[in-house]
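Could you walk me through this structure in the viewer, one selection after another? I would like to know what to click on next and what I will find there.

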Amino acid sequence: MVDSAPLFTFRRLFGALVVFSTLRFLFYGWINCQILNPLYTFPFEEFAFLPRPNFIATIALFAGMILGGISIMSGRFFRLGAVVFFLCFTYVELLCKSNYLNHYYFVSVLSFLLIFTSSHKEDHRLPVLHLNLFRFMIGLVYFYAGVAKLNTDWLIDAQPLSIWLPQHTSMPIIGWLFQYKATAILFSWAGALFDLTAPFFLMSRFRNYFYPIVVVFHILTWLLFPIGIFPWVMIFSATIFFSAEDHRKFWDALKLSFLKLPEATKSQSPNSLMKCFVTVFILIQILFPFRYLMYSGNSFWHESGYRFGWRVMLMEKPGWARFFIKNNEGREVELDLDSWLTPNQIKMVSSQPDMIVQFAGIVHDEYLKKNGEEVKVRAEVWASLNGRRSQLLIEPFRELSSIENSWAERDYVLPFDSVISPLEYSKLEKQLRADSNW
Amino acid sequence: MTKVMTLLYNFKTGRNIFRPVVVLLFVASLFGLNSCGSGVDDDQDNDFDRAVLLNNWCDNLIIPSYENYYNETLILKDAVELFADDPTNIQNFESCRVAFISTYLSWQEVALYDFGPASNRALLSTTNTYPTDIDKINQAVPDDNWTPGSPATLDNIGLPAIDYLLNADDAFNQLSNSPDRLAHLVRLIQFMKVEAEAVYSDWTTTYGATFKASTGTEMGSSIGEVLNAFNKVYETYVRKQKLGLPTGIMTLSGTPLPGHVEAYYAQNLSVDLLASAILPFENIYLGNYYDSSGILIEGMGIDDYLISFGDVEYGSILDSDIKAQIISSKQAISTLENPLSDYVVNNTAEANEVYQELQALVVLWKVDMMGALGVLVTYIDNDGD
């Protein structure tokens, strides 16, 4: 049993942040462009059974997020609120892969964990497990984000920072630094080092000196990259490593009686069910991000097992996809993507192999439904990874609509070292077409 | 140890860590304002100065093109009004047709600037949505309350509608004999002139300065706006609309759609429009323009930006690939023949080859170039995966 003030602070800040984030989402009109407007969505295969919400249901989901967030923040009807928030938020997150963000997944995980804690009982001393569960989760995100940076693109070529940083040469005071390759290299190494060591510094007695570095680091990423509220999630979350005494001082210093943490006079005894749950959860969290090791080849290229692994800001991968269908009469035509997908979906489909396959399935089903016609679908997809020249991403004459996305190797993705350039392709195209059964 | 914590958290004392951050941001914003005002500062050799690029684009390419386009709409408007005063005079009618051609050609020079003032007024769709709906035009002719500009009118206004009224079979007699029809033609060109004037004056009065001052590369910055529009207009409005759709590349039936060519009724214009549509892309890319005495000036363009990164593979080699492909594309276009509506039917395979050449530029621009520039063209928050 420990004084769990850090967890109470976390719960309050997390609640406030998700309410803010939801309002921000509504304010920017993303509810339309991400949820209601798309004609088709790209659900995660395992959750494809979830029905797509209509307008009313979408409003209900967002209302659930706001009310759930308020409940988490205030601690009133906490357990119910946490469940509602987790379900609504995760539901929306799972609707379409094109909206996937690591920080959404992080928010889902944190809100899920909150359900199992008693972090609303601010007058209780809680089993240390409750607090340490969050310290573990937050530490893990830092550490794994650091591990993901240990690759040659990041460390040797300083990519994608070499591409991204020179865009900020007009930034005040430090902007001039960004023109130099050395800055990108320095930032890459410093970033990797920061991520790898952050959990250990935050757990050590040096945390008071390290926390300002955390703040500066995240504010810098916030200024340099369009990553929304993620830096603030991390800045707030990292306070959980401070001592209970520090947290109490913080709330006392605000001199607002309704924010003051009550004395922890009661205590809640540990629960063996909770221990079991935590053990299983931790094991999954440790292992799940490493599933990309099951696949051969460059995981940035085929992106098998890429999501849900804390691989953040590692790629600049623009792409351009052209989809072709072939009907029974053997006539091949190019699809007009604009009439099928939103700009954001087009961007995502153009570089993510599983979404390419998913879209081929959508096209196939749509033709079957509307015209009663069986069509074959193929795609010519060009992508450029981390400053390399463009090359073909998938086999250009492979029928895609019959491929089921699974956890198997994506054999339709061309090997990263095959490097078929546009110029070579124009020479190869006829032969490739002839050799295929397209 | 807790002392630092107190410093960090004690908002009341004002001695918290956030105070210096706020001060820093404040000072930073002052610097930001300052650097916008002074424009060019050239003390860094290998620091590519986007302000120079934006100035070149704005002053030497964009504004002169809009000025030219606006003047052409004025000339066309005057010609049409002159014709309306004397509807039986075939000379007046012919001068309308001549003015129409130069207006359509000058439009190609500005079509790619589909951001800021142009996108606020939906200039692209009000000016050049084709094929035009002739039934709607004929319905609108006798309607005194008809007003152009609403979404329902997009496919029956602008240059394609004027093309129909001026160039369809028996156009002269129909206009001469129908005051309503002629009045409708006047309405159409007047609307176009008003829109052209509004966009042009936005650029010269307010937006030009805003454009030059936004030297960042984030979403919504000038360079982001230009490159987004550049890629979108090239891919969709040049490659696909001007050649792809007529060639039948995107129709299920697979047959060419001759009625989808640009300036269908003029017959002898479509290829010239396509040829002139590619030039502004080349100019924006190279930064080149003609000065008042007609001399070619090599200003700063995307090519210089690419090369400034110093990476050979992604800088100069990519640049020379793009330049070579621009040349191939222009050569390919020159093999097309007017009327394009006949050509796509009789020479579908050849038209397709040209389309492939235009296509190759999309890969180079949209994937390689954007990958190298790293300009953030995101639509929403994106954490990079």
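How much area is buried between domain 1 of chain B and domain 2 of chain B, and what percentage of it do carbon and sulfur atoms give? The buried area is about 2700 Å², and carbon and sulfur atoms give 65% of it. Please keep in mind throughout that this is a predicted model.

**Stop 1: chain B as a whole**

Of the 385 residues in chain B, 52% are buried. Now think about the contacts in chain B with a separation of 6 or more: residues 24 or more positions apart account for 73% of them.

**Stop 2: the two domains**

Next, select residues 56–213 of chain B for domain 1 and 217–378 for domain 2, and give each a colour of its own. The C-alpha centres of these two domains of chain B lie 23 Å apart. Domain 1 of chain B brings 29 residues to the contact, and domain 2 of chain B brings 35.

To see where domain 1 of chain B loses the most area to domain 2, pick Trp57(B), Leu112(B) and Tyr130(B). Together these residues make up 28% of what the domain 1 side buries.

**Stop 3: polar links across the interface**

Stay at the interface and show side chains. The count between domain 1 and domain 2 of chain B is 12 residue pairs in polar contact. Among the helices of chain B, helix 3 (50–85), helix 4 (90–110), helix 8 (158–167) and helix 10 (179–213) each supply at least two residues to the side of domain 1 that touches domain 2. Helix 4 of chain B gives the most to that side, with 6 residues. If you colour this side of domain 1 of chain B by residue class, you will find 18 nonpolar, 8 polar and 3 charged residues.

How many salt bridges are found across the interface of domain 1 of chain B and domain 2 of chain B? The rule finds 1. Then select Asp114(B) and Lys232(B): these two form a salt bridge, with their closest N and O atoms 3.2 Å apart.

**Stop 4: helix 11 of chain B**

Move on to helix 11 of chain B, residues 222–247, and click on Glu235(B). Is Glu235(B) buried or exposed? Glu235(B) counts as buried because its relative accessibility is 14%, and the cut-off for buried is under 20%. Leaving out residues up to four places away in sequence, Glu235(B) touches Lys240(B), Val362(B) and Lys366(B), and also Trp320(A), so bring chain A back into view here.

Ser222(B) is buried, with a relative accessible area of 2%. Apart from residues up to four places away in sequence, Ser222(B) touches Leu54(B), Thr210(B), Phe211(B) and Ser214(B).

**Stop 5: over to chain A**

Finish in chain A with Thr90(A), which sits in helix 4 (residues 78–95) of that chain. Thr90(A) counts as buried, at 13% relative accessibility. Setting aside neighbours within four places in sequence, Thr90(A) is in contact with Phe85(A) and Ser108(A). Show the side chains of Thr90(A) and Ser108(A) and you will see a polar contact of 2.9 Å joining them.

Notes: Residues are numbered from 1 along each chain as its sequence is written. Chains are lettered from A and ligands numbered from 1 in the order in which they are written. This is a predicted model: local features need pLDDT of at least 70, side-chain atom pairs count only at pLDDT 80 or more; totals for chains, interfaces and linings use all residues. Side-chain values use heavy atoms; hydrogens and water are left out. Domain bounds come from an automatic or database domain assignment. Contact means heavy atoms within 4.5 Å. Buried area is the accessible area (1.4 Å probe) that two parts lose on being put together, summed over both. A salt bridge is a side-chain nitrogen of Lys or Arg within 4 Å of a carboxyl oxygen of Asp or Glu. A polar contact is a pair of N or O atoms within 3.5 Å; within protein, one must be able to donate a hydrogen and the other to accept it, and residues adjacent in sequence count only if both atoms are side-chain atoms. Helices (H or I, at least four residues) and strands (E, at least two) are DSSP runs, numbered from the N terminus. Ala, Val, Leu, Ile, Met, Phe, Trp, Tyr, Cys and Pro count as nonpolar, Asp, Glu, Lys and Arg as charged, and the others, Gly among them, as polar. Buried means under 20% relative accessible area, exposed over 50%, partly exposed in between (1.4 Å probe, protein chains only).
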